[in-house]
Amino acid sequence: MERRKNWYLTLGLALTVLSVGYSALGLFWTPYSPTAISTADQYAAPSVSHLFGCDHMGRDVFSRTLEGASATLTIALAVLAIGFAAGLVLGALCGYYGGAADAFVMRVCDAVAAFPSVLLGLVVIAVIGPGKYNVILALGVLFIPSFARLARGEFLKYRDRDFVRAARLMGVSNLRIIFVHILPNTWPVLLSGLTIGFNNAVLAEASMSYLGIGVTPPDTSLGRMISEAQSYFATSPWLILFPALVMILMILGVGMVGEGIRERLGDK
Amino acid sequence: MAEPILDIQNLNSWYGKGKDRVQALKNVSLTLAPGEALGIVGESGSGKTTLAKCVLGLVTDYQGILRVNSSRPQMVFQDPYGSLNPARTVGWFLEEALRASGVRDRKERKARAVDMLVQVGLTEEHYGRKPARLSGGQRQRVSIAAALIQGSKLIVLDEPVSALDVTLQAQILQLLADLREKYRLSYLFISHDLAVVYQLCDRVCVMYHGQVVEEGDVDAVYDDPQHDYTKKLLAASLALD
C-alpha cells in the first residue's frame with residue numbers, strides 16, 4: 001500500500017518542532033533579561049547585538065519574544081489540558097449513555113458556546129481578577145463545551161457498533177468500554193480537534209492580553225507584546241512584526257499538523 | 001430429555017415507548033436442547049432479531065417465561081467488518097473476553113487466545129493483527145472465537161454468513177458444524193436463507209409478524225410445509241437456486 005507523501009503533516013511537524021523549540025528555549029535562556037530597560041537602546045532597529053531590535057523601553061525584542069512565546073505556549077497547553085480532559089470525560093459519558101443528563105449537559109454547553117469565549121473570559125476575569133493563572137482557568141473552563149461536543153459525537157457514533165455490543169455481551173464494564181474499547185478509535189478525530197483547540201487557545205490568550213485582561217506586566221506574552229507595540233507600529237514595525245511572526249508560525253505549524261491528521265484519516 | 005438450554009414459553013415483547021410501542025413478539029414458545037441447532041427463519045420485521053435480543057438480555061421489555069441455562073450467551077454478528085474493534089488487535093480482543101471473565105494470569109490468557117484461534121482455523125500469526133489486516137472470512141472466524149472463548153454453550157448467530165461469498169459461506173458453516181459437535185454448543189441461528197439453515201440446523205422455526213407459524217425438523221418442514229408463508233419462502237428460495 002503506497003501512501004501519498006503527507007506534506008501537511010511533515011511541514012506542520014517541522015514548524016511545530018521549531019516553534020515549540022523556540023518557546024522551550026525561552027523557558028531557560030534569553031540573550032538579555034526580557035525586562036532589562038536601557039534608554040540608550042530605545043527603538044533600536046534589528047542589528048547583530050539585538051536581532052529583533054528593541055522596544056520603546058529599550059528592552060531586547062528577541063529576548064521578549066522568547067519569553068512571550070513560552071508564556072503563550074504554556075498558557076495554551078494548560079488551557080487545553082483543562083478543556084480537553086474535562087470535555088473528553090463529559091462528552092464521552094454523554095455520548096455513550098445519552099438520556100436526560102446528556103440533553104441537559106449539551107444545552108448548558110450550547111448556552112456557553114453561544115457567546116464568544118473572549119467575551120465570556122472578560123466577564124470571568126472581571127470577577128476573579130487578571131493574571132496568568134486566572135486566564136488559564138477562565139479559558140480552560142470556556143474550552144470545555146467545544147471538546148465535549150466533539151467527543152460526544154464520536155462516542156455516539158461508536159456506542160451501537162457491533163464490537164461494542166460484543167464487549168457488553170462479554171460482560172465488560174461500561175467505563176472500560178468507553179475508555180479502553182471506544183476511546184482509541186476516536187483519537188484521530190480528537191487529536192485533530194485538539195490542534196484546532198490549540199490555535200484557538202493561542203488566539204484567545206493573545207486577544208485577552210491585547211485587551212489588557214490577560215497576562216499582566218512584568219510578565220509578557222506574544223499577545224501582550226503586540227498590544228504594547230501597536231502605538232509604535234508606524235515608526236518601529238519590528239516591535240509588532242517579530243512577536244506576530246512567532247505566533248503565526250506556531251499556529252500555522254499546529255494547524256497544518258491537524259490538517260495532516262485529517263488527511264491521513266481520509267486515506268483510510 | 002435433558003433440561004433445555006433455552007426455554008421460552010408464551011413470550012411477548014415490545015419495542016418503542018409510549019404511543020409508538022409496537023408488539024414485536026406474540027406468544028412465542030420454543031425450546032432448545034443442549035447441542036441442538038435451531039434455525040429462526042423469517043423476513044425482516046418478523047421478530048427474529050427481537051427474539052435474539054431477548055435471549056441475549058439486550059431487550060428487557062417482555063412478558064412470559066424466558067429461561068437461559070447457559071452463562072452469558074454470546075452472539076456472532078452479521079457484518080464481519082463491524083464486529084471487531086478496529087483499534088485493537090485480534091489477540092487483545094480475545095483476551096479482553098477472558099479478562100472480563102476473571103482470568104488474571106497473562107500467560108494463561110495468551111495461551112487460551114492462541115488456542116482458540118487455532119480452533120477456528122487461524123494461526124498464532126493472526127494474534128497480533130488488527131482487523132484491517134484480515135479478510136472478511138478471517139474476521140468472521142475471529143468473531144466466532146470471541147463468542148466461544150468464555151465457554152458459553154449458547155450461541156446466537158445472526159446471519160453469520162450472509163455477508164460472505166458462497167465459497168466462504170461453506171467454509172464458515174463447516175467450521176460452525178465442527179465446533180458445535182466438539183463443544184456441544186447450542187445454536188440459535190437467525191437467517192432469511194433457507195438453504196443455509198437446512199445445512200446447519202436440526203430444527204427450524206418459521207416466524208411471521210412476530211409469531212411462530214411453523215416449527216419442526218428441517219427435513220419435515222422443507223419436504224412438507226404446512227403454513228402458506230413457509231411455502232412462499234421455500235418457493236422463493238428454490239426460484240433463486
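This is a predicted model: local features need pLDDT of at least 70, side-chain atom pairs count only at pLDDT 80 or more; totals for chains, interfaces and linings use all residues.
Helices here are DSSP runs of H or I with at least four residues, numbered from the N terminus. Rolling a probe the size of a water molecule over the atoms shows where empty space is left. Two cavities of 30 Å³ or more were found in the structure.

The largest cavity holds about 80 Å³ of space. Its lining consists of Asp55(A), His56(A), Val61(A), Arg64(A), Met225(A), Glu228(A), Ala229(A) and Leu239(A). Two or more of these residues come from each of helix 2 (61-97) and helix 8 (222-229) of chain A. Helix 8 of chain A contributes the most, with three residues. Sorted by class, the lining of the largest cavity has four nonpolar residues, one polar residue and three charged residues.

The second largest cavity has a volume of about 70 Å³. Residues from chain A and chain B line this cavity. Chain A supplies Ala166(A) and Met170(A). Chain B supplies Gln74(B), Met75(B), Phe77(B), Ser83(B), Leu84(B), Phe93(B), Ser143(B), Ala146(B) and Ala147(B). At least two lining residues come from each of helix 6 (162-170) of chain A, strand 5 (74-76) of chain B and helix 4 (136-148) of chain B. Helix 4 of chain B gives the largest share, three residues. The lining of the second largest cavity divides into eight nonpolar and three polar residues, with no charged residues. In the largest cavity, by contrast, three charged residues are part of the lining.

Terms used: Residues are numbered from 1 along each chain as its sequence is written. Chains are lettered from A and ligands numbered from 1 in the order in which they are written. Side-chain values use heavy atoms; hydrogens and water are left out. On a 1 Å grid over the protein atoms alone, a cavity is a set of points where a 1.4 Å probe fits but cannot get out, and a pocket is an open set with protein on both sides within 12 Å along at least five of seven lines; lining residues have an atom within 4 Å of a point. Grid points are joined across faces, edges and corners, and a volume is the space filled by probe spheres set on the points. Ala, Val, Leu, Ile, Met, Phe, Trp, Tyr, Cys and Pro count as nonpolar, Asp, Glu, Lys and Arg as charged, and the others, Gly among them, as polar.
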